[in-house]
Amino acid sequence: MRRRALSALLAVILLLSLLPLTAQAASVTDDDVIRAVLVVFRCREGTYDSVNRDDNGALSLGKLQWHGGRALELMKQIVAADPANALATLGDSLFQEITTAGRGAWDCRILNPEEGALVGRLLGGTVSVRIQDAMAKKDISIYLSHARTYDIRTAEAMVYYCDIENQYGTGGAADLVSRVKGLLGKSSIDSVDEFHGALVRVTSNYLNRRNWTYEYCRSLDWSNLEWTGPVENPVPVVPINVDIEPPKITAARLVPLDAERFQVEVNAKDNKRVTDCRVQIGTDADDVVDWAAYAKTSGSLWILPVSTRKFSADASRYYVTVTVSDAAGNAASTRLELARADLEDIPSDCDHRFRAAYDTPATCTEPECRVEECELCGRRRKTVLSAALGHDFAPTDVPGEYKCTRCGATEQISGPAEKLPGVLEQAALRIIESCQKQNG
């Protein structure tokens with residue numbers, strides 16, 4: 001009797017000792033694990049506009065380096081979200097290939113350098129960033145459901161598993177987990193330590209990456225947030241509260257200075273700190289100039305003076321893409337446009353003092369602008385405050401037809417490129433129409 005009472009007492013003590021562990025495990029949510037996995041991918045994979053033209057026999061794209069068929073799935077989503085911009089960026093051949101390619105068509109697809117540059121340009125756009133973020137979180141959620149199916153029991157081990165599935169795919173990851181369990185002699189994986197220890201005995205492939213991810217997972221103390229373990233290759237220690245919020249561009253403008261110069265001005269803020277700005281300028285004469293970073297003058301204001309002498313004399317319009325990043329690699333982009341005529345209208349014989357006259361709101365095809373007037377000579381100039389909204393196309397019941405949910409414009413995408421005018425063609429048509437009206 002005394003033995004039974006003692007056994008019962010020990011059972012109660014054991015149960016009570018486990019309660020804090022249960023509470024601790026319950027405090028780690030899927031969102032916490034997703035944030036931690038995103039850190040691994042950000043450090044070990046790519047950025048939004050990353051293009052690996054030949055990654056073991058097929059292309060890999062974007063922040064998670066989606067491979068082959070998954071890369072095609074990503075591109076199809078980006079193209080469907082804004083087909084007009086996609087066609088203007090990719091050109092007719094790539095656009096048609098992406099929209100018509102069937103399942104498996106990109107399993108062995110390798111890009112040439114020209115195609116890689118075009119795809120990278122589209123991947124860096126605002127629409128692409130939004131779609132990649134959503135696709136990454138969806139993919140990781142699926143990885144977590146697989147981890148639970150395989151009875152992987154700790155959050156750290158789940159983070160470790162997600163990196164494996166992202167690299168090997170569902171089938172490859174399942175095979176590795178099965179071999180690990182066979183080596184461990186049980187049907188569950190109870191810690192990241194035993195997971196890593198068995199996995200490196202099962203395979204030596206990608207050993208540096210597995211060691212890196214393992215050390216990162218060991219740094220994830222979900223209850224203490226502090227990490228003191230030695231790491232040969234330092235990793236970021238940002239568990240539950242890892243920064244996944246992109247910076248915000250609060251204002252972006254192109255300011256004409258004189259007939260040969262304009263200035264890119266960007267105000268940006270971040271929940272942590274904006275660390276980098278990148279500017280790419282293209283023209284309708286197919287010039288492209290890229291600055292990896294540009295000067296920050298004070299506070300949140302970033303300024304880049306631009307000389308039009310860097311571009312072809314035939315250029316009549318400049319297209320500027322600004323991307324700001326934070327220390328964690330999150331990014332936000334915006335696109336601006338400026339006509340060369342806006343520069344040539346600025347006289348050089350006046351020390352202008354411009355003041356705001358009025359603003360014009362952004363539309364699908366026109367940027368938000370501020371018209372300013374010189375107090376001395378009465379000259380006016382137009383400053384682009386933010387990019388045109390762009391059409392928000394959605395498919396209609398008519399095959400190949402898309403309709404903008406904002407302005408109602410419709411476009412037929414199934415035919416050749418000339419059926420879908422780009423920004424330049426649209427502007428030219430408006431100028432011709434205006435001239436025709438003026439000439440009666």
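The model is predicted: local features need pLDDT of at least 70, side-chain atom pairs count only at pLDDT 80 or more, and totals for chains, interfaces and linings use all residues. Residues are numbered from 1 along each chain as its sequence is written, and side-chain values use heavy atoms, with hydrogens and water left out.

**View 1. Helix α10 and its cover.** Helices (H or I, at least four residues) and strands (E, at least two) are DSSP runs, numbered from the N terminus. The buried residues of α10 are Arg209, Arg210, Trp212, Thr213, Tyr214, Tyr216, Cys217 and Ser219. Buried means under 20% relative accessible area, exposed over 50%, and partly exposed in between (1.4 Å probe, protein chains only). The cover over these residues includes α2 (30-44), α8 (155-184) and α9 (192-202).

**View 2. Helices α3 and α5.** The axes of α3 (residues 69-81) and α5 (residues 92-100) come within 9 Å and cross at roughly 110 degrees. That makes α3 roughly perpendicular to α5; angles under 35 degrees count as roughly parallel, over 145 as roughly antiparallel, 65 to 115 as roughly perpendicular and the rest as oblique. Axes are lines fitted to C-alpha atoms, for helices over the stretch in contact, and angles run from 0 to 180 degrees between N-to-C directions. Leu72, Met75, Lys76 and Val79 of α3 meet Phe95, Ile98, Thr99 and Thr100 of α5, where contact means heavy atoms within 4.5 Å. By class, the residues of this contact are five nonpolar, two polar and one charged. Ala, Val, Leu, Ile, Met, Phe, Trp, Tyr, Cys and Pro count as nonpolar, Asp, Glu, Lys and Arg as charged, and the others, Gly among them, as polar.

View 3. In β5 (residues 261-269), seven of the nine residues are buried. Strand β4 (residues 248-258) pairs with β5 in the antiparallel sense over nine bridges, and a hairpin of two residues joins β4 to β5. Two strands pair if DSSP finds at least two bridges between them. Seven bridges join β5 to β9 (residues 301-307), also antiparallel. Valine 266 of β5 stands opposite alanine 252, and its bridge partner in β9 is tryptophan 302.

**View 4. The open sheet β7-β6-β10-β11.** Four strands form this sheet in the order given, with antiparallel pairing. At the edges stand β7 (288-291) and β11 (331-339), each with a single partner strand, so one side of each has no neighbour in the sheet. On average, neighbouring strands are turned by 15 degrees against each other, direction ignored. Nine bridges join β10 (residues 317-326) to β11, and valine 324 has alanine 332 of β11 as its bridge partner.

**View 5. Two loop residues with positive phi.** Most residues other than glycine have a negative phi. Asparagine 56 has a positive phi of about 60 degrees; asparagine 56 lies in the loop between β1 (51-52) and β2 (60-61) and is exposed, with a relative accessible area of 67%. Glutamine 65 has a positive phi of about 50 degrees; glutamine 65 lies in the loop between β2 and β3 (66-67) and counts as buried at 14%.
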